[in-house]
Structure formats: structure tokens, C-alpha cells
Amino acid sequence: MLASILVVTCGIPALAQAPLPPAETLGVYSGAAVETRTVLTFKVRDDVVQKLLPEGWTLAPVAQGPAKGANLSIVFAERLATIDQGGKPVGGEEATVILSVPARNAAETAFAIVEAYGDGETAPGFYKVGKPAKVTVERTLRATNLKGSVEETWSVAGEGGEQIAFQIGYERSQPSRVQADSRNVSAVDGRVRRTYRIDQGLVVLASAPNGVDKARGLTFRASGGLLGKIFDGSQQLVSAVSLPWYSRQLYVPASQ
């Protein structure tokens, strides 16, 4: 992987665009996916999340932007379509909740995917950290012409007793288009990795560092298993963003 790759920070890409390297430098193309996402970032205990990282990796909290100071992101992803490297549809629609930690190994930066909750048929998944769970999402849109509001409710009921309840409301607004590359590694096997070339729309709903508070009725609760260790009451919400479209191309190392 090249050091020139622009890495998305805790699910929130840098707002300033920079030229991306040629796609062929990212590895071997392995498919593409389209999703809708809502992302929360938190500041949690460093000692807890450091233990989740693969060997050789250290915690690298976000240094700037809406998520400055965050060391954990939770992605609420609704997958709409996936294709393989030949362009054929694979899988189907699925709601997944993903926990990741921004990390560094020498000059390399990436997200360590530490846990993911979704359909039991897809677990443990590419990153080997998937947990079978029932994930329910409800999204209500009320709009007249170009103005409208959105309410989202997510719930996770893991087979291992994990529980997540998340709710948020917000006014629709014009997203900023962001194109970036992001690298992910498995928290249980640092050799398992992907790089994503992303085209997405970004709306910042809340940012403690930037003084943004556009979210209504934002509530988040998590318990059980690893969630209970991470969210022990000391966590601080750093940011919340809406990604009304999230399109990505997937690349893997040639040796993988």
C-alpha cells in the first residue's frame, strides 16, 4: 500500500479534496457496493480500544475535522447493492453495524474493524469479526419540494447478548460530495485488508469540536459483550454524520 493514499478519518472524510492516486495503485479490484450510512464517532477509553488492535498497530485518534479527538466509530450501514469484480450482483440488501478504530502501524494508517453485527449467514465476513445479530432499521422521510426531515431508528440484538439502540432526527440539507480512499484491516488478523475508493455525500449533523448541533433527539445505548466494555458510561460523543449515498470500489492486495 502506498503512503500517498488518503485515508478517511473515523468514517468522516477530510473536507478538503486532494488528487487521488491512480486506481491501479490500490491493489486488485474485487467489486463494488452502494450503501446509505449514518456514522457516530466517540472518545472512549484508550486502554480499552488499544487492546482490540492487531499486533504492531497503535491507536491514532482523529487529528482534525468534525471528529477531532475520536478514537472509535460506529457505522450504521444499509447496503443497497453489491457486485463482484465481473459486475455480477452478489448478496442482497442488508443492514449492518460496524465498529472500527483509527490506527497506525509505522507510516501506514487504517481503520481496524473490530466487530460487526449483521445477518448470521454473512458472519464472520471478510474481516473475520462479524457477529450474528438481528439488525432493524426504520427511516422516515417527510418532504415537501426540496425541504424535509428524516428520522432514523436502529436496533441491534446480537446472539451473544449484544444490544444497540440508536435514534436520530435531522433536517435534510445539501450534502458535500467527497471522494477519498480508505484502508481497512481486520482487528483479529492484520494481514486481512482492503482499500476502498469512495464517492459519497456528507452532511455533518453534530460535531463537538466544530460546535455543530443539527441533530434532534439523538440517543445511543449499547451493552453486552465487547460493547459493554467499550461503552461503560465514560464515553463522549464526538460527531454524527449522514452519508445519504456511499459508493465504493473494493481493492485487495495482490498477495491476498
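Residues are numbered from 1 along each chain as its sequence is written, and side-chain values use heavy atoms, with hydrogens and water left out. Because the model is predicted, local features need pLDDT of at least 70 and side-chain atom pairs count only at pLDDT 80 or more, whereas totals for chains, interfaces and linings use all residues.

Select Tyr 29 and Tyr 251 to begin: they form an edge-to-face aromatic pair, 5.7 Å centre to centre with 65° between the planes (rings of Phe, Tyr and Trp, the last by its six-membered ring, pair if their centres lie within 6.5 Å, with planes under 30 degrees apart stacked, over 60 edge-to-face and the rest tilted). Tyr 29 belongs to strand E1 (residues 28-43) and Tyr 251 to strand E13 (residues 236-252), so the pair ties together parts 222 residues apart in sequence (strands are DSSP runs of at least two residues, numbered from the N terminus).

Next select Phe 42, Phe 220 and Phe 231, which ring pairs link into a cluster.

Then move to Arg 194, whose charged end sits over the ring of Phe 126, 3.7 Å from its centre, and to Arg 248, whose charged end sits over the ring of Tyr 196 at 4.4 Å from its centre (NZ of Lys or CZ of Arg within 6 Å of the ring centre and within 35 degrees of the ring normal).

Finally, colour Ile 98, Tyr 127, Arg 194, Tyr 196 and Arg 248, the closest to the centre of the largest pocket among its 47 lining residues (on a 1 Å grid over the protein atoms alone, a pocket is an open set of points where a 1.4 Å probe fits, with protein on both sides within 12 Å along at least five of seven lines, and lining residues have an atom within 4 Å of a point).

How values were computed:
Helices (H or I, at least four residues) and strands (E, at least two) are DSSP runs, numbered from the N terminus.
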